Amino acid sequence: MTTLQPRGPYSEAELRKLYPEGLKLQLVQILLRHGERSPVSARFQNAGLQAFWPYCKIARHMVSSTIDATESKWGQLEWRRRLETFGSDDGPVVASGPRGEVDSIYETLFPNDGNCRRFAQLSRAFAQRTADRWNNTSDMDYLNLLISKWMPDGGKRVAVDSHPRLSGIMDTINSTLAHGPQTRLPDEFYDPKGRAIIEKIGVEEWFSGYRESQEYRAVGIGGLMGDLVERMVGSAESNANDGLFEIGGKDGSLGQGRGGEKAIKFGLSGCHDTTLAAVLTSLGAFDGEPWPPYTSHIALELFKKSQTSQIEGPVKRDFQDAKSFISKNESRSSKGFFASIFGGNSAPESMKPVGIARKPTEKLSAEEKSRLDGYFVRIRYNDKVMTVPGCTSVGKHLEGDESFCTLEAFKAIVDKYTPQNWKKACWSNLDAPAFPEKDETAGY
């Protein structure tokens, strides 16, 4: 199957092992891939697949439950303007708010080379390298024996860069396999060996750049990783960088939840397969993994040592700078939180982030670093605990468990590829080679 098959409930013993005594779970951020969908493009009608997905009546039911058709307005599933961060596959999100305004949100949840020229250069270079490596191999010959007769133009050869591309063929295979018999290709497309070859090559084409190139990581996924770390550090500092800038309370006001909450405990962001693999690969934690199935997810957990000298009861939060930030910059809500990531002119002083979240770890003073003491980060991918290689050194993880990375070590790794100005990075180095001249392996 191409949809994640969830495990059963955890036992009490498993939970005790997964969440050891002495650590308090303080913040969880979930990145969740969407569920089953139709192929991105219509392919293989000559193999019996319909051009239009035959399950569209389900979408009509969803629309009818969301929109009050009699009044042409949002119904019980009304979108909140603070949550307009779910993306498309084709560039900037165009979101219509409750007052009818239309905003173009350059989100970080989807690595998209359509809005970043340097990322487009890099991704194409790594894709071409993959084609050069694999197009004339025994593995590709095997795929051609299986399915080349259904390629357009009279059985054109299957290749990484064929039309459709090998990754496009994988997309159609996965989409059809996740649904019922009305959308099935011939059995040859589902050959286990063939599918393993396609996934192996697809992972290399799409994600090897994140593993090998710091610049690739920066322009591809660095913005999102900077956001995730900012929320962790904001939670540790209790200064509203944990996400309070992004949520809306009553009537959409910033700075507290709809129930008056003052501390973020849980965040859920919808994203794509390419987001999940990019995040993990950028941390050196995706080696040997197959393409992310539908409904895959990453949980980034922030823990605090119980003896850490922080208030254990109601959280005291330093809101003086945060309140000033919010009141002076309410207009940011319509543009989205991500506006500051994508640069442009230098932000005025009133829009500078509070705290140390965006300050590179190497520039932190001893006192600033001490604010991160006693905090640990763990990553779970589809309920599997992942380990960041740069956190396995002595002093960079919880004693006895390398999967619990110290927040300082985790931030230092991510800082290396968090862009200070993403837009500027996207227009830099356009004449430079695509591949790094020295080792820049991810996860360190």
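Which residue caps the N-terminal end of α7? Select Asp191: one of its side-chain oxygens lies 3.2 Å from the backbone nitrogen of Lys193, and this caps the N-terminal end of the helix. That is a polar contact (a pair of N or O atoms within 3.5 Å; within protein, one must be able to donate a hydrogen and the other to accept it, and residues adjacent in sequence count only if both atoms are side-chain atoms).

Before you go on, know that this is a predicted model, where local features need pLDDT of at least 70, side-chain atom pairs count only at pLDDT 80 or more, and totals for chains, interfaces and linings use all residues. Residues are numbered from 1 along each chain as its sequence is written, and side-chain values use heavy atoms, leaving out hydrogens and water.

**Stop one: along α7**

Now select residues 192-212, helix α7. Helices (H or I, at least four residues) and strands (E, at least two) are DSSP runs, numbered from the N terminus. The expected span is 1.5 Å times one less than the number of residues, so the 21 residues of α7 should span 30 Å, and the 29 Å between its end C-alpha atoms agrees. Click on Trp206, where α7 bends by about 50 degrees; the bend is the angle between axes fitted to the seven residues ending there and the seven starting there.

Axes here are lines fitted to C-alpha atoms, for helices over the stretch in contact, and angles run from 0 to 180 degrees between N-to-C directions.

Next, show α10 (residues 273-282): its axis comes within 8 Å of that of α7, and they cross at roughly 30 degrees. These helices are therefore roughly parallel to each other. Trp206, the site of the bend, is one of the α7 residues that meet α10, whose side includes Ala277 and Thr281.

**Stop three: α9 and α14**

Select residues 222-237 (α9) and 407-415 (α14), whose axes come within 10 Å and cross at roughly 155 degrees. They are therefore roughly antiparallel to each other. Their contact includes Val229 and Met232 of α9 and Phe410 of α14.

**Stop four: two loops**

Move to Ser238, in the loop between α9 and β6 (266-271). Ser238 has a positive phi of about 55 degrees although it is not a glycine.

Finish at Pro164, in the loop between α5 (152-155) and α6 (166-177). A cis peptide bond joins His163 to Pro164, with omega about 0 degrees.

Terms used: Parallel < 35°, antiparallel > 145°, perpendicular 65-115°, else oblique. Contact = heavy atoms within 4.5 Å.
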